[in-house]
Amino acid sequence: MADTRIKDAEPPALLKLQVNEPHAVAGHAVEGKAPAAIREFLNKRGSGAAGDGAFGALVLACALSILGIVVLILFVLIQQSKLSLHAFGLKFFITSAWDPVMGDFGALPFIYGTLVTSFLALCIAVPLALCVAIFIMEICPKPLRGPVAFLTELLAAIPSVVYGLWAVFVLVPIMRDHLGPFLVKFFGWTGLFSGTNFGEGLLTASIILSIMILPVISSITREVMGAVPVSQKEGVLALGATRWEMIRIAVLRNARVGIVGGVILGLGRALGETMAVTMVIGNHPDIAKSLFAPGYTLASVIANEFTEATGDLYLSALIEIGLALFLVTVVVNTIARLLVWFVTRNSAREAR
Amino acid sequence: MSTNSQLRPNRANVLRRSASNHLVTAISVLGTLLVLVPLIAILVYLVYKGASSLNVAFFTHTPKPVGESGGGMANSIVGSSIILLLASLIGIPVGILGGVYLAEYGAGKTLGAGIRFVADVLNGVPSIVMGIAGYALIVVHQRHFSALAAGVTLAIMMVPTVTRTTEEMLMTVPHAIREAAYGLGVPRWRMILSISLRTAAPGIITGCMLAFARVAGETAPLLFTAFGSSFWPHNLNEPMAALPLQIFVYAMSPYDEWHRLAWAGSLVLITLIMVSVGLVRYVTSRGRLKGGH
Amino acid sequence: MGVGIEVKNLNAWYGQTHTLRDINLTIPANSATALIGPSGCGKSTFVRCLNRMHETNPSARVEGMVKVGDIDIYNDAAPVEIRRRVGMVFQRPNPFPTMSIYDNVASGLKLNGFHNRKVLDEVVERSLKQAALWNEVKDDLKKKSGASLSGGQQQRLCIARALAVDPEVLLMDEPASALDPASTSKIEDLIFELKDEYSIVIVTHNMQQAARVAENTGFFLNGQLVEFAPTSTIFTKPHDKRTEDYITGRFG
Ligand SMILES: Nc1ncnc2c1ncn2[C@@H]1O[C@H](COP(=O)(O)OP(=O)(O)OP(=O)(O)O)[C@@H](O)[C@H]1O
Ligand SMILES: [Mg+2]
């Protein structure tokens, strides 16, 4: 394309100079001078260096406080769990004694309960979250998209204790009277559904957990699916692919790393979720094969026993569980963030 | 290539492909419905159970001992409001200023990246762990449970969310209008307060509301900090009643009367969260200029 | 009242890139001075060195002397103090979107701590009249956002905003390049009006525009000031071959 500037510039000889010739100016000349007060005021106004210095220090302090808080939390957790750390060492995590009277503590039952409920919750939530994300991003009619997305996000706005309340009075009876017997009848042979079904237990806790982590996974999944370039989708469609083939080939394949990130983020949430689980898991430090059996998670044992913990060692053991939970969620969240960051960075780079 | 052979036109193939397409569509619709069912069930059940248990006494009375009927959760509502106000007063300013650092001072610096990462980590720490941290940081030193400890703990939980949203919102403020302010001889701190933050305000306020809504329903961090109480709140250095705590206690009790109160409390809690979010949105959306952002 | 500008041995860098080399010139007071030159030659960098906006870029560096009136701006004063004396209008209109028209114009004073309502009212009206925008906006000064105006109106709003602090020098970096011909001619009229009271430096790609409004014109090339002379000289009998080539469109 020709540079328009050059066209503007005629040769000097032809350039009709209007230098300094008065224009036909619309009569908006303003008489009088600007109020002298202004110039005086502004000239006296200082360099603002003091304000800048103070403000810079203030925001830096606030930002550093985040670092400080995390360090402080780590410090007090270690300090307060010293007693238990010394008494049991790493054995703490592989023994299943939980005897406040004798002062013998091992966290294995809680680790077991946490792993089982989180794993089951993921098994239930991930396929559903994928369904929701695919539905919202690719299938849902445009006008419905916003409302459906809003509804699923609303799931995240309900407090944990309200989920627990609902689980106690609605989910538990359903488990006891309907879903439980059904599972026994058809899947009893697996041995996973043996023993008395009180309605409470590992499975009920997993179900309520899955509802709670679903919005996290589906919103991240939607985000990474949205980052898949439209051109790729159109390219696959242009080859004559059906919508499902397009989703599978273009969308899911491109988004899979990010989806894994979302799943891990959901896992982080599930590992630490407390109230709703505590209300329906039965709170018994057992390692049972049956999913109907009562269990205990790392988070729920803290919630349940902390205020009643008598004796320093007991309290210290509970705080050590908290420390373990802290470290595990930090690791899990770091992995998830790195994966999501990796995907969105890549797609941002492609977009450029 | 498998995709190639799948895409080759062939009558049987086409049928199978379109069938699997329909099947997957159906599964995804069903899955979505399955997710919406519990949501709607919870909301409907909550409104039904809660509303039928609400009465004036609920909002005006403190809890009655077991066995006596009546009583309410007025002290919990007041207690929660006090704790949340305290948390917001600490958490929101610190969070916003931290976000200002990340966006305006820390861009491209290692320290900025580090703080950003740590904020994300803090965001993912389970609330029960924050509860223990609040206990170990404050309660242990005060030697008693207190609303102060609860407020500070919730504030700490708000900070990372507020910081990260503030940062993200500030990043969307165009460089050109910062330059305009600098060009007028406005000092940097004043530019940030009156131009950057002002322009990003709607997004920042939304972020603060989300942080608020999140901690408003938190129970676990209150267990070992506010602890709960059946009396009216008196001062910040005492155990204090809080709505989520009281719901938990009532839900786990064996009494029908208390179960009713738990439902009513949950309805009030959710309404409180929604109304405060809506109210702030409404207030901040008013007085906006025509054609402004 | 405007003051003159004296530039001695000015050098500027972005990181390692040496963007301005040994610039020397004297810009007379109460007149319009045009700066022309091909894209990327350093015109914007130069005007940004005149009010210390250059150093808002973290990688930027400046050496040399710039005197605005009697003030050696890199030694005698803080950046904010200079910018209050040397106003700037940018290539793209950049009104503050959250502020009303009134507040946009008053922003330079209000954000610097001046709050006398009566004086502010007077200044806002005067500046908007100077910028030939008063008649178009006087009815919804406080109701409409600055961002709700058209592009040309926004640019005049930005000029009013710059004028409201009563600067001694007004720097305009391609103020009309994003505007249609009608708005452009309004802005040119404005410059013509304003140069009696202010010293104006205007960067432009449009040589007709330079010819129409400016007493003096400087030609930049590759970070150097090739020629600085009265506008009529530059456009009719430039001393330097490169200036002539550029003006006659032999290269761009
Ligand atoms: N922010 C920046 N960072 C690094 N280099 C820059 C930056 N801004 C400008 N430059 C470089 O400095 C040189 C001069 O740029 P400047 O913007 O002053 O040119 P200009 O004459 O105003 O061009 P135009 O007419 O296109 O506006 C260019 O080579 C450019 O690449
Ligand atoms: Mg330029």
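Among contacts in chain A between residues at least 6 apart in sequence, what percentage join residues at least 24 apart? The share is 74%, where a contact means heavy atoms within 4.5 Å.

## Basis of the model

This is a predicted model, in which local features need pLDDT of at least 70 and side-chain atom pairs count only at pLDDT 80 or more, while totals for chains, interfaces and linings use all residues. Residues are numbered from 1 along each chain as its sequence is written, chains are lettered from A and ligands numbered from 1 in the order in which they are written, and side-chain values use heavy atoms, with hydrogens and water left out.

## Chain A as a whole

Chain A contains 13 helices and two strands; helices (H or I, at least four residues) and strands (E, at least two) are DSSP runs, numbered from the N terminus. Of the 352 residues in chain A, 49% are buried, where buried means under 20% relative accessible area, exposed means over 50%, and partly exposed lies in between (1.4 Å probe, protein chains only). The chain exposes about 16100 Å², and carbon and sulfur atoms supply 66% of that area; accessible areas come from the Shrake-Rupley method with a 1.4 Å probe, and for residues only the protein chains shown count as cover.

Within helix H7 (residues 160-187) of chain A lies A:Pro173, which counts as partly exposed at 22% relative accessibility. Not counting residues up to four places away in sequence, A:Pro173 touches A:Ala167, A:Val168 and A:His178. The C-alpha atoms of A:Pro173 and A:Val330 are separated by 36 Å, these residues being 157 apart along the chain.

## A buried glutamine in chain B

B:Gln246 is found in helix H11 (residues 243-252) of chain B and is buried, with a relative accessible area of 9%. Leaving aside residues up to four places away in sequence, its contacts are B:Pro63, B:Met73, B:Ser76 and B:Ser229.

## The four-stranded sheet of chain C

Strands of a sheet pair through backbone hydrogen bonds, either parallel or antiparallel. In chain C, an open sheet of four strands has the order E2-E1-E4-E5 with antiparallel pairing, where two strands pair if DSSP finds at least two bridges between them. Its edge strands, each pairing on one side only, are strand E2 (17-27) and strand E5 (71-72) of chain C.

Eight bridges connect strand E1 (residues 5-14) and strand E4 (residues 60-68) of chain C in the antiparallel sense, and C:Glu6 stands opposite C:Lys67 in E4(C). Helix H1 (residues 43-50) of chain C packs on the sheet and touches E1, E2 and E4 of chain C, its direction making about 120° with that of E1(C).

## The six-stranded sheet of chain C

Another open sheet in chain C has six strands in the order E6-E7-E8-E3-E9-E10, with mixed pairing. E6 and strand E10 (224-230) of chain C are the edge strands, each pairing on one side only, and the twist averages 20° from one strand to the next.

Strand E7 (residues 169-173) of chain C is largely enclosed by the rest of the structure, because five of its five residues are buried. C:Val169, C:Leu171 and C:Asp173 point one way from E7(C), whereas C:Leu170 and C:Met172 point the other way. E7(C) pairs in the parallel sense with strand E6 (residues 86-89) of chain C over four bridges, and five bridges join E7(C) to strand E8 (residues 199-203) of chain C, also in parallel. Across these pairings, C:Val89 stands opposite C:Met172, while C:Leu170 has C:Ile200 as its bridge partner in E8(C).

Terms used:
Axes fitted to C-alpha atoms, helices over the stretch in contact; angles between N-to-C directions.
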